[in-house]
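Please examine the model shown below before reading the report.

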Amino acid sequence: MRRVNRKKQFYITLVFVLVLAIGMGYAFLNSTLNITGNTTIKENTWDVHFENFNVTNGSVTATNAGLDTNSTAVNYTITLQKPGDFYEFTVDVVNEGTIDAMVSTVTNTGLTYDQSKYLAYTVTYSDGSMVAPNQLLKAETGFETIKVRVEYKKNITVSDLPNTNQVLTLSFSANYVQADGSAVTAICKRASSLHSYYGAITFGNLGSGNTINSGDAFDCDVNGDGVFNAENERFYYVTSLSTNSNYAVLIYYSNVSNGVTPTTSVTYAYDSNAVSGVNYNGPQTAKNNLPTTAQWKNVSLSSETRNIIDELNDVKVNNFSYQGRAARLLTYQEVVAACGSTSIYPQNQFLLENTKYVSDSYVLGYWLETPRHMSAYYAWPVDGINKQIGGGVDHANDTSRYGVRPAIEVLKSRIRY
């Protein structure tokens with residue numbers, strides 16, 4: 001593929017508008033109240049607006065950028081002159097009123113097919129999840145950080161470029177109304193029942209209260225359809241993200257094929273090009289079989305790049321990229337954090353669901369992100385037969401025994417206990 005070597009320029013105007021509506025709220029608040037005795041009815045206020053507009057470092061310079069006088073709209077004009085140029089900002093949606101709010105409708109102009117060849121445009125929450133109807137914004141203390149990014153794509157051909165400079169007007173609007181019983185704020189919610197193997201083996205814990213422990217089962221709306229599917233959207237809490245304890249790391253209940261299809265028979269290499277003596281490259285093959293951000297559009301990694309470390313915490317790959325993937329592989333350190341050692345059985349059977357630990361699974365286990373310290377030719381897996389991390393000669397290019405099991409990162413504030 002031949003990359004662009006001539007400068008192109010197009011202009012993008014994006015108006016980001018938040019439309020506020022009370023809906024049924026004030027109809028209720030204005031109802032006649034018949035009260036006897038000395039009673040004070042607290043004044044109710046509606047105040048949903050934008051605050052804290054911040055531009056990401058490295059963005060191109062914008063003109064007329066910022067909040068409008070009512071703090072209900074963000075406007076900016078930018079010029080992207082070459083591949084790689086981008087403009088990104090975050091802004092908080094704040095509820096300082098006394099009435100719980102929720103998103104009623106969302107409207108996004110999006111991009112045409114031809115525009116999407118050379119331009120990327122996203123509006124999400126800061127953790128990468130979608131802004132969607134029925135999401136709750138609590139009164140007085142509630143806020144959400146929204147991230148907007150427009151980027152001139154890097155890896156494009158001359159044929160992908162427009163023939164003339166382009167002036168684009170992109171808009172995004174979210175309509176907020178008073179919250180009702182349909183309001184939700186979670187990506188994951190605590191499971192109400194557990195998966196089992198013919199009733200003989202139960203996986204995970206139901207948990208209770210406002211804390212989470214390793215093995216607690218959750219149903220996560222990863223595809224953004226508003227449904228928490230207990231059968232095929234089951235995840236287990238493993239531990240906190242080591243680089244940001246505000247995030248929870250959760251592991252899927254099954255290996256996958258084609259990114260999202262649960263499987264007990266499909267296996268992949270960790271790195272199909274790994275041979276004895278080569279440099280460490282990380283899970284190059286395995287990552288390509290993880291869910292994409294289009295398949296699991298309601299979750300994203302806290303960072304697309306990671307330093308991959310071995311079991312001794314030595315960095316073996318700097319800035320390994322999971323770009324385009326909504327999940328990653330679990331690490332050796334995260335399994336040990338959950339289990340207390342490299343042994344998984346019997347307390348942590350949730351890590352062994354749909355592996356050779358149960359007799360009708362063909363696949364032995366699944367790859368971890370972690371390469372072995374001794375050689376680039378080996379990587380660590382979860383082994384279902386030995387019920388531990390590692391179990392045999394685990395060549396990174398072995399395609400016959402281990403599969404790919406997605407781990408997601410979710411802000412703990414988006415987990416409903």
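## Overall make-up

The structure is a predicted model. The protein has 417 residues, and 49% of them count as buried. Its secondary structure consists of four helices and 26 strands.

Contacts between separate parts of the sequence are also recorded. Among contacts in the protein with a separation of 6 or more, 71% involve residues 24 or more positions apart. The accessible surface amounts to about 19300 Å², and carbon and sulfur atoms contribute 46% of that area.

## Confidence in the model

The average pLDDT of the protein is 83, and 88% of the residues score at least 70. Over residues 1-37, however, pLDDT stays under 50. For this stretch the model has 114 contacts beyond four places in sequence.

## Salt bridges around glutamate 409

Side chains of opposite charge can pair when their charged atoms come close. The structure holds 16 salt bridges. One of them joins glutamate 409 to arginine 306, with the closest N and O atoms 3.9 Å apart. This pair links distant parts of the chain, since glutamate 409 lies in strand E25 (residues 407-411) and arginine 306 in strand E19 (residues 305-309), 103 residues apart. Glutamate 409 has 5% relative accessibility and therefore counts as buried. Arginine 306 also counts as buried, because its relative accessibility is 17% and the cut-off for a buried residue is under 20%.

Glutamate 409 also forms a salt bridge with arginine 328, at 2.6 Å from N to O. Arginine 328 is in the loop between strand E20 (315-321) and helix H4 (332-339), 81 residues apart from glutamate 409 in strand E25. Both arginine 328 and glutamate 409 are buried.

## A salt bridge between two loops

Another salt bridge connects aspartate 394 with arginine 372, where the closest N and O atoms are 2.7 Å apart. Aspartate 394 lies in the loop between strand E23 (388-389) and strand E24 (402-403), while arginine 372 lies in the loop between strand E21 (365-371) and strand E22 (379-383), so the pair ties together parts that are 22 residues apart in sequence. Aspartate 394 and arginine 372 are both buried.

Within it, Glu409 pairs with Arg306 and with Arg328.

Key. Residues numbered from 1 in each chain as written. Predicted model: local features only at pLDDT ≥ 70, side-chain atom pairs only at ≥ 80, totals over all residues. Heavy atoms only, no water. Buried < 20%, exposed > 50% of the residue type's maximum accessible area, 1.4 Å probe, protein only. Contact = heavy atoms within 4.5 Å. Areas by Shrake-Rupley, 256 points an atom, 1.4 Å probe, with all protein chains shown as cover. pLDDT = per-residue confidence, 0-100. Salt bridge = Lys/Arg side-chain N within 4 Å of Asp/Glu carboxyl O.
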